[in-house]
Amino acid sequence: MSLGIEDLLTEGMERFAEQIPAPSGLARRAARARRQRRLRSRAVAAAGTAALAAAAVLAATGGQAPGTAGHALTTAFVIKNVDQALAGSHKIAVISFRAGPLTPLPDPVHPGIRGARVVTWFYRGATNNWVFDPDGMPYTEEQFLTVGGVQRVITVDYLKKTWIQHTQTAMEPAGKQNGCDLNSLGGPWYVPPGDSPDWPSFIRSTLRCGRFALAGHARVDGVSVIRLISTGRDPVSLTLFVSSSTYLPIEVNGLIPGASLRWRWLAPSPANLAKLSAVIPHGFRQLPDPFRGEETPQVEF
Amino acid sequence: MGHDQGVEDLDRFLAVRGRDLLRVASLLTGSQESGEDLLQAALERLLRRRGHIDGDPEGYLRRTMYNLAADGWRRQAVWRSKLVLLRVRDAAAVRDDTAQVDQRDALVRLLVQLPPRQRAVLVLRYWEQRTESEIAALLGCSEAAVKAAAVRGLRRLRELAGRGQAGGRGCHQLVATERSGKV
């Protein structure tokens, strides 16, 4: 049988298309995105009007800024737009967590050992958690992959040069953050192993409660951002950077009791997605599943 | 009420036809993720114009997707096209190790390296099995332009396959088998 490039292309397309599932929630996403776009257009028009009004006020007051009233209005405007952007967002894909060295962090695998730094990557049911020593060498890597309520866990022990794989029932997701307290429910930085942090609801609720105030503009990695700082006397202080154009969060820096943190939302690039996979170094020995024999859930990964 | 009803109607429509539409969108963009973005962009336009569209929205959605894709939809999003190319290279690296290379898959991966209009024409011609006159009507161009885009697209695919840009051995095999008339 002889096939030309056209036939091969047709067959190739059929094979490719077979793997594409039915879309879910696209109509609602499109409706949300359209609402956002309309709001943004209106906001641009309103900003133009506001600038004209501000110029008129400055002229009328001999150049003195009106002060708090104008500032409150601007903060509310930014908060409203961040809220809208989060409501329609589905691209906040990769999140990295970094705790500072102020308080050494417990290693989940080695009792008594405390890490100087913990880095956790999250993306759509996959989590990869690293614990590092003060020199930046890993103690432990734990990868969690949740499919249909079942979680596959791969643990790599860099001290003993061993690794283990087992499955378990996934934990119930942590409750949503709805309060005004920056530290209520532990904040999205205390994430149960394998769970995903709910930053959107945290940011939305704390912004609605007025727990952030506008603190000017800045640049993060060449992107123009709006800086928002947390207000009040919480033991937690956070600085939130949101994109000036999309209003989506770019980064959170802050201090929580005993540690510093830095969250970043990154594009799901191949390099970033690779950080979610557990890599077993050459020569590491696999240990038997310690939970073998117990009733463990089965699922195809 | 009217707005929510419109979205619910669209949800029901997508439950039936969504997979086919997403397949086309994914072929046009090179990945499922970008395909979802393209389909979403078409849905947004449909919602904006729903008062002006009678009956079945599928024709409008398909036309919009093809035209968005052919016009180099989101051509400013350079990182996105780079990402697709990176994926192609990454996938190629893995395939080199496996020895089980499928020529058909390699050819589809090469599609993303074609200019948007050529890619749209090839998807319409060889996936949707449309005639040249139908494609011309859909994309708003002449039949001669469609014919030229298809010829150039296929020629470019052969060149890329010959250079082995999407997986070395697999694409050389493709060219070799095409020349010898065997698969």
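This is a predicted model: local features need pLDDT of at least 70, side-chain atom pairs count only at pLDDT 80 or more; totals for chains, interfaces and linings use all residues.
Residues are numbered from 1 along each chain as its sequence is written, chains are lettered from A and ligands numbered from 1 in the order in which they are written, and side-chain values use heavy atoms, with hydrogens and water left out.

The secondary structure of chain A comprises 5 helices and 14 strands. Helices (H or I, at least four residues) and strands (E, at least two) are DSSP runs, numbered from the N terminus. Chain A has 301 residues, of which 42% are buried. Buried means under 20% relative accessible area, exposed means over 50%, and partly exposed lies in between (1.4 Å probe, protein chains only). Among the contacts in chain A with a separation of 6 or more, 48% involve residues 24 or more positions apart. Contact here means heavy atoms within 4.5 Å. Chain A has an accessible surface of about 15,700 Å², and carbon and sulfur atoms account for 57% of it. Accessible areas come from the Shrake-Rupley method with a 1.4 Å probe; for residues, only the protein chains shown count as cover.

Chain B has 9 helices and 0 strands. Its pattern along the sequence is α-α-α-α-α-α-α-α-α. Of its 183 residues, 50% count as buried. Residues 24 or more positions apart supply 63% of the contacts in chain B with a separation of 6 or more. One charge-ring arrangement occurs at Arg125(B), whose charged end sits over the ring of Tyr126(B), 5.8 Å from its centre. The criterion is NZ of Lys or CZ of Arg within 6 Å of the ring centre and within 35 degrees of the ring normal.

Strand E5 of chain A spans residues 126-132. This strand is largely enclosed by the rest of the structure, because 7 of its 7 residues are buried. In a regular strand, side chains alternate between the two faces of the sheet. Both faces of E5(A) are covered. Ala126(A), Asn128(A), Trp130(A) and Phe132(A) are buried on one side. Thr127(A), Asn129(A) and Val131(A) are buried on the other.

E5(A) pairs with two strands. Strand E4 (residues 117-123) of chain A is joined to E5(A) by 7 antiparallel bridges. Pairing requires at least two bridges found by DSSP between the strands. Arg117(A) is placed opposite Phe132(A) of E5(A). The hairpin of E4(A) and E5(A) has 2 residues between the strands, and Arg124(A) takes a positive phi near 45° there. Strand E6 (residues 138-147) of chain A also pairs with E5(A), antiparallel and over 7 bridges. Here Asn128(A) stands opposite Gln143(A) in E6(A). The hairpin of E5(A) and E6(A) has 5 residues between the strands, with a positive phi near 85° at Gly136(A).

Glu141(A) belongs to strand E6 of chain A. Glu141(A) counts as buried, at 0% relative accessibility. Its C-alpha lies 7.1 Å from that of Asn128(A), 13 residues apart in sequence. The side chains of Glu141(A) and Asn128(A) are joined by a polar contact of 2.7 Å. A polar contact is a pair of N or O atoms within 3.5 Å; within protein, one must be able to donate a hydrogen and the other to accept it, and residues adjacent in sequence count only if both atoms are side-chain atoms. Beyond neighbours within four places in sequence, the contacts of Glu141(A) include Trp130(A), Ile154(A), Tyr158(A) and Val279(A).

Over all chains, 3 aromatic pairs are counted. Trp130(A) and Phe132(A) form a stacked pair, 5.8 Å centre to centre with 10° between the planes. Rings of Phe, Tyr and Trp (its six-membered ring) pair if their centres lie within 6.5 Å; planes under 30 degrees apart are stacked, over 60 edge-to-face and the rest tilted. Trp130(A) is buried at 18% relative accessible area, and Phe132(A) is buried at 12%. Tyr158(A) and Phe284(A) form an edge-to-face pair, 5.4 Å centre to centre with 70° between the planes. Tyr158(A) lies in the loop between strands E7 (150-157) and E8 (162-169) of chain A, and Phe284(A) in the loop between helix H5 (270-274) and strand E14 (285-286) of chain A, so the pair ties together parts 126 residues apart in sequence. Tyr158(A) is buried at 19% relative accessible area, as is Phe284(A) at 14% relative accessibility. Ring pairs link Trp130(A), Phe132(A), Tyr158(A) and Phe284(A) into a cluster.
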